[in-house]
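Biologist: I would like to learn how to read a structure element by element. Where do we start?

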Amino acid sequence: KCFLFFMIKKSAHCAYDIHYHLVIVMKYRRKILVKDAYIKHLSALVKEIADRYEFEIEELGSDGDHVHILVSSPPRYSPSQVMQIIKSITGRLMFKQFPELKKQLWGGELWSDGGFVGTVGQTLGLENMKKYIKRQGIKDKNHSLAKFLN
């Protein structure tokens with residue numbers, strides 16, 4: 001019981017322990033996240049979004065054509081809102097920073113429509129999910145977002 005107490009987060013009017021596993025796919029399944037500059041900037045953007053919206057990014061990983069995010073969010077945001085916030089802000093700001101991306105993604109969108117959202121249970125489920133996401137991009141270290149998370 002004591003272990004769970006330390007995992008609980010607090011916002012202005014409630015306490016919560018909510019974790020989502022998001023998978024967001026690049027438009028046309030393009031392997032965009034292979035350049036260090038793109039990876040570093042996307043990681044920084046996700047961290048900035050987390051600070052602004054009171055999310056906690058617990059793990060971040062990529063295989064170049066999709067991103068895995070383990071995020072804890074206050075209950076005022078639905079899972080689809082969390083994904084929409086991250087996708088819309090990162091998409092706009094990645095194109096602003098790297099206009100050449102528009103040539104690779106001729107539709108003007110960074111992310112494919114939709115995505116995957118799963119809930120993650122406490123303790124064992126959460127730790128296993130962190131390990132899984134950390135392993136993303138392990139075959140090619142250039143794709144790994146984890147190195148920019150801390």
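Biologist: What covers the buried residues of α2?

Modeller: This is a predicted model, and in it the cover over the buried residues of α2 includes β4 (56–62), β5 (66–72), α3 (79–97) and α4 (101–104). The residues of α2 that are buried are Tyr38, Ile39, His41, Leu42, Ser43, Leu45, Val46, Ile49, Ala50 and Tyr53.

Biologist: How many residues does α2 have, and what does it reach from its first C-alpha to its last?

Modeller: One compares the span with the value expected at 1.5 Å a residue. Helix α2 covers residues 36–53, 18 residues in total, and reaches 26 Å, close to the expected 26 Å. Just after α2, Glu54 has a positive phi of about 65°.

Biologist: Which residues have the most contacts inside the largest nonpolar core?

Modeller: The general idea is that nonpolar side chains tend to be buried together in soluble globular proteins. Here the largest nonpolar core has 33 residues, and Phe55 and Ile69 have the most contacts inside it. Two or more residues come from each of β3 (19–25), α2, β4, β5 and α3. The element that gives the most is α2, with eight residues. A second, separate core has five residues, including Leu70, Val120, Met129 and Ile133.

Biologist: What does Phe55 touch, not counting residues up to four places away in sequence?

Modeller: Phe55 touches Ile49, Ala50, Val71, Ser72, Ser73, Pro74, Tyr77, Val82, Ile85 and Ile86.

Biologist: Ser73 is in that list. Where is its place, and what is it in contact with beyond its neighbours in sequence?

Modeller: Ser73 lies in the loop between β5 and α3. Leaving aside neighbours within four places in sequence, its contacts are Tyr16, Ile18, Tyr20, Phe55 and Val82.

Biologist: Why does Ser73 count as buried?

Modeller: The cut-off is a relative accessible area under 20%. Ser73 counts as buried because its relative accessibility is 0%.

Biologist: Is Asp17 buried or exposed?

Modeller: Asp17 is in the loop between β2 (15–16) and β3. With a relative accessible area of 19%, Asp17 is buried, as the cut-off is under 20%. Its side chain and that of His19 are joined by a polar contact of 2.5 Å.

Biologist: Turning to the strands, how many bridges join β4 to β5?

Modeller: For a regular strand, the general idea is that side chains alternate between the two faces of the sheet. In this model β4 and β5 run antiparallel and are joined by six bridges. As for cover, six of the seven residues of β4 are buried.

Biologist: Which pattern does the protein follow along the sequence?

Modeller: The pattern is α-β-β-β-α-β-β-α-α-β-α, with five helices and six strands in the protein. Of its 150 residues, 49% count as buried.

Biologist: What share of the contacts with a separation of 6 or more comes from residues 24 or more positions apart?

Modeller: Such residues account for 74% of those contacts.

Methods
Residues numbered from 1 in each chain as written. Predicted model: local features only at pLDDT ≥ 70, side-chain atom pairs only at ≥ 80, totals over all residues. Heavy atoms only, no water. Helix = DSSP H or I, 4+ residues; strand = E, 2+ residues; numbered from the N terminus. Expected span 1.5 Å × (residues − 1). Buried < 20%, exposed > 50% of the residue type's maximum accessible area, 1.4 Å probe, protein only. Contact = heavy atoms within 4.5 Å. Pairing = 2+ DSSP bridges. Core = buried A, V, L, I, M, F, W, Y, C linked by side-chain atoms within 4.5 Å. Polar contact = N/O pair within 3.5 Å; in protein donor to acceptor, adjacent residues only side chain to side chain.
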